[in-house]
Amino acid sequence: MSDVYVVGIDMIRFGRYPDRTVPGLAAEAALMALDDAGLTIRDMQALFCGNLGQAAGMVGQRMLAEIGQTGIPVTNVANACATGATAFRDAWMTIKAGVYDTVLAVGVEQMGKGLLGAGGGVSPEGLVGSYTMPAMFAHIGMEHSRKYGTTFAQFAKVSVKNHHHSTLNAKSMYRVETPLEEVMGAEIISYPNTKLMCSVNVDGSAAAVLMSEKKVRQLGLMDRAVRIRGSEMSSNLFAERQAAMPDFSAATRLAATNAYEQAGIGPGDVNLVELHDCFATAELVHYENLGLCADGEAGRLIDDGDTALGGRVPVNVSSGLLSKGHPLGATGIANIYEIAPPPRQGRRAAGRRRAYRADACRRRRPGGRDRLRHPRPGESVMDDLSGKVAVITGGASGIGFALARGALQRGAKVVISDIRADALAEAEAALSGEDEVLAVRADVARYDDVAALADAAIARFGTVNLLVNNAGVFAAGLA
């Protein structure tokens, strides 16, 4: 059987696009992935398209009507939250089996706001109210707490970590820091998960071009192709307790064990993980399911920072579903995008977060930042900003927001901070500068927040050239 490689992959920025169509969103990601591979739709031999909301709507065929109808077979895939991953895996299997050499996999979803539940209603054998996703994953967290003493704060730290990672990802729906107190103090959805510990319903799409080893070598793409060493899927084994509540861990452990065996590695060989953090409780429990630590040690892993950027095994550096968002049909391929960055953009642009992870723990050190200088008499801080990095505190409204907009218009990369998370998110959306804008929630009267603001700016843009303090107070530390 042939080895299979990813030769092109990309995703759109997750968000809300009420004026777009599902096939249109899918087409955008498909063209991005094809462009990344240096290929066209004419080079594809088959298409696997994942979508849940319009599962009976022939989304794959409608997408091809927008980018090119070449007569290739189309398989539309629907498999709950694993829809995108299943489309990717089906494409992989057809190449592995020798049926095709080049296949396109696409995942797409357009979602509303609100609660997701199980479409079949309440099982007569289940617990009343338990067939909503928040209730199921709250139960998982409470069970872990009962067995191992895992605390509310430890679950909440998952959200803090992933929202911090979001400040480094221009394709994330939200890119705002959420301190522990804010996460724990947010509206309870289903204890121990607060609103900030639940994944975000968003619109989005992602796509990947998969290719056989023979074809990769024929086209001379081996130096930029990413080999897929293993792919596994499983369902639950029968267990007595499933009459009351499904055991999500059993299926995950079975798939992980088989995937490690197929790839010829063990959990100790893994140094980067993207997993399905639909709720903060799910991520913590999956640390153990994937063998990243022993049973009962997941709380220690998050406490020690092992799964944060710069830790022993960073998890969800993309910011995960909690901050990047969870468009059901696209999520699986979007997770793979983070692990296998676009080859054409090289592991250079998409690898920014990965390159940073290796020395993240060394970033906050004396001499590690460019020194800031105050403007000379008669000199405007807005002069000659092209290519510079400007940090603007109090940047979510008023003068601060106006300064941020002006800096962007003059060619600067801008970091805005504010103590108000909601205003900050609105300001970031209004500026919408993609890679040019970073929003960081910070109370600049606190030294730790200032240091974190500096670290976020440097991690994203590499330096800080200009500081405009519009917040009224400031704790020394950025300079």
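The mean pLDDT of the protein chain is 85, and 83% of its residues reach 70 or more. Residues 346-379 stay under 50, and for this stretch the model has 60 contacts beyond four places in sequence. Where pLDDT is low, the predicted coordinates should not be read in detail.

The sheet is open and is made of six strands, with mixed pairing, in the order E3-E2-E4-E7-E1-E8. Strand E3 (74-77) and strand E8 (226-227) stand at the edges; each has a single partner strand, so one side of each is left without a neighbour in the sheet. The partner of E3 is strand E2 (residues 46-50), and the two pair in the parallel sense over four bridges.

Helix H1 (residues 22-37) lies across strand E1 (4-11), strand E4 (102-109) and strand E7 (204-212), and runs at about 40° to E7. Helix H12 (residues 331-339) also packs on the sheet and touches E1, E4 and E7, with its direction at about 105° to that of E1.

An α-helix has 3.6 residues a turn, so residues three or four places apart point the same way. After H16 comes Ser432, which has a positive phi near 35°.

The aromatic residues give another view of the packing. A pair of aromatic rings is described by the distance of the centres and the angle of the planes. The structure holds three aromatic pairs. Phe137 and Phe248 form a tilted one, at 4.8 Å centre to centre with 35° between the planes. This pair links distant parts of the chain, since Phe137 is in helix H4 (residues 133-148) and Phe248 is in helix H8 (residues 248-263), 111 residues apart. Phe137 is buried, with a relative accessible area of 7%, whereas Phe248 is partly exposed at 27%. Ring pairs also bring in Phe279, which forms a cluster with Phe137 and Phe248.

Another pair is made by Phe152 and Tyr191; their ring centres are 5.2 Å apart and their planes stand at 50°, so the pair is tilted. Phe152 is in helix H5 (residues 152-166) and Tyr191 is in the loop between strand E5 (188-190) and strand E6 (193-194), so that the pair links parts of the chain 39 residues apart.

Tyr191 leads on to the backbone. Most residues other than glycine have a negative phi, and most peptide bonds are trans. The peptide bond from Tyr191 to Pro192 is cis, with omega near 10°, and Pro192 lies in the loop between E5 and E6. Ala80 is not a glycine, yet it has a positive phi of about 50°. Ala80 is in the loop between E3 and helix H3 (83-96) and is partly exposed, with a relative accessible area of 44%.

Asn316 likewise has a positive phi, of about 55°, without being a glycine. Asn316 belongs to the loop between helix H10 (298-303) and helix H11 (320-323), and is buried with a relative accessible area of 0%.

Asn316 is also one of the residues touched by Glu283, whose contacts beyond four places in sequence are Val158, Lys161, Asn162, Leu275, Asp277, Val315 and Asn316. Glu283 sits in helix H9 (residues 280-289) and is buried, with a relative accessible area of 0%. The C-alpha atoms of Glu283 and Ala298 are separated by 9.3 Å, and the two residues are 15 residues apart along the chain.

Definitions and conventions: Residues numbered from 1 in each chain as written. Predicted model: local features only at pLDDT ≥ 70, side-chain atom pairs only at ≥ 80, totals over all residues. Heavy atoms only, no water. Pairing = 2+ DSSP bridges. Contact = heavy atoms within 4.5 Å. Axes fitted to C-alpha atoms, helices over the stretch in contact; angles between N-to-C directions. pLDDT = per-residue confidence, 0-100. Phe/Tyr/Trp six-rings, centres within 6.5 Å; stacked < 30°, edge-to-face > 60°. Buried < 20%, exposed > 50% of the residue type's maximum accessible area, 1.4 Å probe, protein only.
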